[in-house]
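Let's take a walk through this one together. Have the sequence and the model open side by side, and we'll go from the overall layout down to single residues.

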Amino acid sequence: MYEFTYIRPGSLPEAAALLASNEGAKPLSGGMTLIPTLKQRLSQPSHLVDITALAALKGIAVVDGRLEIGAATRHIEVATSSVVRQSLPALAALAAGIGDPQVRNRGTMGGSVANNDPAADYPSAVLALGATVHTDRRAIAAEDFFQGMFATALEPGELIVRISFPLAERAAYAKFPHPASGYAMTGVFIAVVGGAVRVAVTGAGPGVFRWTQAETALQARFESAAIADLEVDATDLNADIHAPAAYRANLVRVMALRALETILTSSKGQ
Amino acid sequence: MTFSRLEDRRFVTGAGRYVSDWNFPGQRHAAFLRADRAHARIVSIDIEAARAMPGVRAVITAADTAAAGFRSLPCAAPIPGKGGSALLRPERPVLAADVVRFVGECVVCVVADTAIAAQDAVEAIIVEYEDLPVVMTAEAAVAAGAPQLHPAIPGNVAIEFETGDPLAVAAAFEGAAHVVSLDLHNQRVVGSPMEPKGCLARHDPETGDYFVHVCTQGTTGMRAQLVATTGIPDEHVHIVAEDVGGGFGLRFNAYPEYSAIMLAARLTGAPVRWVASRSEVFLSDEHARGVSSRGEVALDAEGNFLAFRFNFLNDMGAYIAPTGPVVAVLSIRACLAGVYRVPAAVANVRLALTNSVPMAAYRGAGRPVISYMIERLVDQAATELGIDPVELRRRNLIPPTAMPWKTVNGLGYDSGDFPAVLDKALGLADWHGFAARRAEASARGHLRGIGLATFIESTGGGASPDEVEARFGDHGEITIHAVSHSHGQSHETAYAELLAAVLGLPRERFRLRNGDPAVRLAGNPTGGSRTMHGVGSALRVLADDIIAKGRELAARALEAASADIEFHDGVFRISGTDRSVSLDTLIERHAGGPERVFDTRSSARTGSTFPNGCHVAEVEINPATGVVSIERYTAVDDAGNLLNPTIVAGQMHGAIVQGAGQVLGEHAIYDLETGQFLTGSFMDYAMPKAVNVHGLVIADHPVPTPTNVLGVKGVGEAGVTGSLPALMNAILEALRPVGVTHFDMPATPARVWGAIGAARSGEGRRFAHA
C-alpha cells in the first residue's frame, strides 16, 4: 500500500468537491475491491474520500411503488431488511449470498454497481429488473449504465446516490460460485416486471448481459421446458484457467433453470 | 471455560506468539525484490536510487552475500543413483547473482525503517535482464534440446534413481496372463499454511551471536541449514520459535530470505524483521507433488499380482530443496509395493529441473504419490479384468501371519493386519449398501461412485536420536524441552498427557518449549509423522529416568532399600506397607536449589513405523455442473496405540480434507510460455471448503508396533495418503457409467463436466492432465 490521504466528508457536495479538486482522489465505499488493490500496490490514489457515512447515501424504503436503496447500504442490510424481503425478496436473497460474512458486512450496493466487476452479483439484478441508477448528477437506466468489464456510464467524480428498483411480480437469482474466489462464475437473475420477462447474466461474459433468447422463450411460456434445451452461444463468454467458455455457456442455462425453479416453487410467486 | 487441549486457550484468545508478534527496540523492516521473469541473465542491478530513499538502511545484493562469505543453500543428503550415479547439486545463491530461474526468486533485499519504506525502495531498483528460454514441465525439461537450467546438471536431470529388481520384473511381465498400465499426473500444489513464512534476526556484535526468530518445524534442521549457508559457526546461531502457524513440510528448510535477514541484521546493527505477504507465500514457498507417472501391474490368470513396474518423472522446480529428493525417492522406496505380497517390483524415479518454485515436502511427502499410483492402478486392473476391486485387493494383501514382512526391495514392515482393517472399513462404510444409494442418486439425476484405497506409509526414522529435557521450576511447573516443533500437531497436550499418565501428575504441571535457544538438544524436526514415536519414546524414557531418581529419594525418605520401593499413580511406597511418599512431595523437597536434582535429559532412537489404513470414499456428481460432493468418507487406520484419540481424529480430519483439496481443485498453474505463476492468490487457487466434505467417519484398528516403547505409529499424514486414491477411485467409479475411462486430478467442476460431455458425445473417454 502506498501512502494516501484519508478524508471523510460531511456531505455529498463536499465529497464531490474533494473528488473534483484532486485528480488522484478516489471514492471509498466498502472497499472490497479497492483495498485489496491498494494492498497489492496496483493503485496509488492521492486521497481516499470515504463516502460510507454520508446520510444522502443511506436508507432503504419503498417510495411510489419502487424500492429505493442508498448507495452506501451494506449487503448485510439489504439481505436482512424487512422492507427488501417483503418488496423484492429475490434481491435480499442475492445480497445474502454475496461473498462471505466479512464482505457482506463491509461491501455496499453502490460500490459493487459502480465497480461493475464482471463477476459481481448486483449488476445482474439491476439489469434484469431494469433499475435506475441515480447519481449526484442524473438518473441512468440500467441498460445504459453497464458498459462492459469494469466500465460504466459514470463520469470521473460522479457518485451513485441510490438505486431505484421496480417491484417485480416474480424474480429469483441463482449463481454458481467460483470454487476458489466464491464470485459468480455464472449468475442468472430472472425478473418479471410489468409482465415482461428479463434475464440478466453475470460472471459468464466480459460484463453483465441480457439473455434475450431466454427472455423470448419464457415470455411465451414461463416454464423450465421453455429454456431447458436452449443453446447458449459461447463465442463471447470468458475462458480462463478455471473453465472453458463452453462450461460457462452451460452454466448460463443451468443457473437460469435454477432461478426459474425458485420462482415456480416459491409460495409467494417470488 | 475448559479446553480439551492445553494450547487451545492461547490460540483461541489470540495469545499465540508467531514471527510477526516479535518486536524489538530499533527494529527495521525488510522487503525483497523478486524476479519478475522465469529465466533470465542479470545484466545489471541499479540500487542507487533505492539506497537514497528516505528511511532506507541497507540494500543488499549478491555482491554483499558474497562479501559476507555466504555459500550455496544446502541441497540434499547424498542419494545413490542408478548405476552408481550421484545426485547432481545445483548452486543456489541466497540472492540471485547471475541468473534468475523462477518467478519470485530473491534478487535484492532492502532494509528500511518501515515495511512500507522498504517496499517503496524495492520499486526504485532497476534490474536489467536478458531473457533466456523457459522450460516449465518435467517432460519438456528432459526432452532433447531443452533449455538448460544449471551447468552442473546436463539434461536437467539431477538424478535417476531405481529401487527393486528390473530383471525379475521383466521376467514376471513376460509370463503374465494380464498386464494393466496407467498413466497419472499428480499435480503441483501450494501448501498454504496460515502463517506466512517470516524471520526476525538480531545480531550481537560483542559476542557474534545471531538470534533468529523464524517459522520452523525444528531448530536443529533450521540451524544446520543456516550455518551451511552463512558460514557462521553453529554456536553463534540461535533459533527462537514459539508458535508456528502451520507447516506441512514447507517450514522445514531455511528459505534464502532467512540468511539474507541475518546479514541485514549485522549490516544495519539493528533487529530486522520480514514477514511474507500471501502473494510471496504463493510465489516462493516450496511447492509440492508435480509428478508424472506410469504404473504397470502384471497378473496371473487368477488375479494374483506378479509384478509392479513404476516410472516417476518429478518436476523439482528450479533448484533442489534439501527435502525434495528425500520426498521424491525415499517414500517410493519404502512403500514400493504397498500392502501387497507381490514377488517383484521396480520403480524408476527421475528428478527434473524446471523454471518454477522448488519442490519439497508437503503433508504425505511422497507417500501420496506412490499410494495414489498403486491404488489407482489396482482399481484400473480390477476394471479391466472385471474383478471386484475389494476382491482383487483381498486376494493380494499381505496376511497378518506373514508379519514381520520383508518387502520386495529388501526393506520391511514390522506389523499390521491389512485384511482386518479392510473389513472394518467396508463394514463402517456400508460398502454393500452402495448399490441402493447409487440407485437413489440416479433417480435424482446424480452420478454416485464409491472407491477405496488400502495403503501403507513409512514414517520418518529420524537422522539423530531425539533428546528431551525436563526442567523443574520453583513453582512446581515442569518445562519440557524438545526439538520437534509443533506447528499444529498438539505436541503440548500430547507430551503433557503422556508424562502425566506415567508420573501421576496433573497434565497442567507441564509446559512445552520447542525453540528455546538456551537449551540445545539433539533431535529431529517435525516431519514424516514421526514425533510421537520419536519424541514420545524419549519422553517415556524421561519419565522412567525421573521415577528412578524419585525412587532413590523415596528410599532415603522412607529409610528403605530402593529395590523395595514401588511406584504407582504418583506415589512411592515400600512394598507391602502403607509407608509412602508422593513424587510431588519429593519434587517439592528436592527439585529446587543449585543441584536441580530432578532436571533430566533423556533420549531415544526409533526407526520408521508403518501406519496403514483403508479409506472408503463415496461421492456424488451433478452432471449438469460437474460438481463433486463427498457424501461419505470412512477412514479406518492402524496407527498403533492411540494416546489421545481426539487429537488423532483431528489429524485425520485435516489430512483427509487436505487430500480432498488436491482432488477437488488445488492446482498451482504456471503459464507454459512465459513461466508466470497464474494461481497466485486464493482468488484463483481453490482451497477446500467445509461444504465440500460431509460424513467423515474416523475409526482405528490398532496393531501396536514392537519398534518403540509406546507401540505408536505415525498419524499426521495418513489422511492424505489415503484420501487421494480413495476419492479419485470413487470419482472415476461415478463417471464410468457415462463412459469416462480415465481422469486425472483435479476434479474441478469444469473438468468433470467436460469429461462427461466428451464421453457422452464420443469425443473421448480419457480426461488426462492438460
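Which domains does the domain assignment of chain B give? There are four entries: domain 1 (8-132 + 196-284), domain 2 (135-188 + 287-393), domain 3 (414-459 + 608-770) and domain 4 (466-604). Those bounds come from an automatic or database domain assignment.

A bit of housekeeping before going further. This is a predicted model, in which local features need pLDDT of at least 70, side-chain atom pairs count only at pLDDT 80 or more, and totals for chains, interfaces and linings use all residues. Residues are numbered from 1 along each chain as its sequence is written, while chains are lettered from A and ligands numbered from 1 in the order in which they are written. As for confidence, chain B averages a pLDDT (the predictor's confidence in each residue, from 0 to 100) of 96, and 100% of its residues score at least 70. The model as a whole scores ipTM 0.96 and pTM 0.96.

Now for the build of chain B. Its secondary structure comes to 20 helices and 30 strands; these are DSSP runs, with helices being H or I of at least four residues and strands E of at least two, numbered from the N terminus. The radius of gyration of chain B is 27 Å, close to the 27 Å from the globule rule for 770 residues, so chain B is as compact as a globular protein of that length. That radius is taken over C-alpha atoms, and the rule is 2.2 Å times the number of residues to the power 0.38. Along the principal axes, the C-alpha atoms of chain B fill a box of roughly 80 × 80 × 55 Å. Of the contacts in chain B with a separation of 6 or more, 81% are between residues 24 or more positions apart; a contact here needs C-beta atoms, placed from the backbone, within 7 Å.

The centres of domain 1 and domain 2 of chain B, taken over C-alpha atoms, are separated by 34 Å. Where they meet, domain 1 of chain B puts in 25 residues and domain 2 of chain B puts in 29 residues. The domain 1 side of that contact divides into 13 nonpolar, eight polar and four charged residues. For these classes, Ala, Val, Leu, Ile, Met, Phe, Trp, Tyr, Cys and Pro are nonpolar, Asp, Glu, Lys and Arg are charged, and the others, Gly among them, are polar.

Chain A has eleven helices and twelve strands. A compact globule of 270 residues would have a radius of gyration near 18 Å, and chain A agrees at 18 Å. Its C-alpha atoms fill a box of roughly 55 × 45 × 30 Å along the principal axes, and buried residues make up 47% of the chain A total of 270. The assignment for chain A gives domain 1 (1-49) and domain 2 (170-265).

How do the chains meet? The contact takes 16 residues from chain B and 13 residues from chain A. On the chain B side, helix H20 (residues 749-760) gives the most, with four residues. By class, that side has eleven nonpolar, four polar and one charged residues.

Next, the inside. In soluble globular proteins, nonpolar side chains tend to be buried together. The largest nonpolar core has 329 residues, of which A:Ile190, B:Val110 and B:Ala264 touch the most other members. Such a core is a set of buried Ala, Val, Leu, Ile, Met, Phe, Trp, Tyr and Cys residues joined through C-beta atoms within 7 Å.

B:Pro271 lies between helix H8 (256-268) and strand S12 (272-275) of chain B, and counts as buried because it has 22 C-beta neighbours inside 10 Å. B:Asp113 lies in the loop between strand S5 (106-112) and helix H4 (115-123) of chain B. With 16 other C-beta atoms within 10 Å, B:Asp113 is partly exposed. Leaving out residues up to four places away in sequence, B:Asp113 touches B:Arg28 and B:Gly55.

How values were computed: Two residues are in contact if their C-beta atoms, placed from the backbone, lie within 7 Å. A residue is buried if 20 or more other C-beta atoms lie within 10 Å of its own, exposed if 12 or fewer, and partly exposed in between; C-beta atoms are placed from the backbone.
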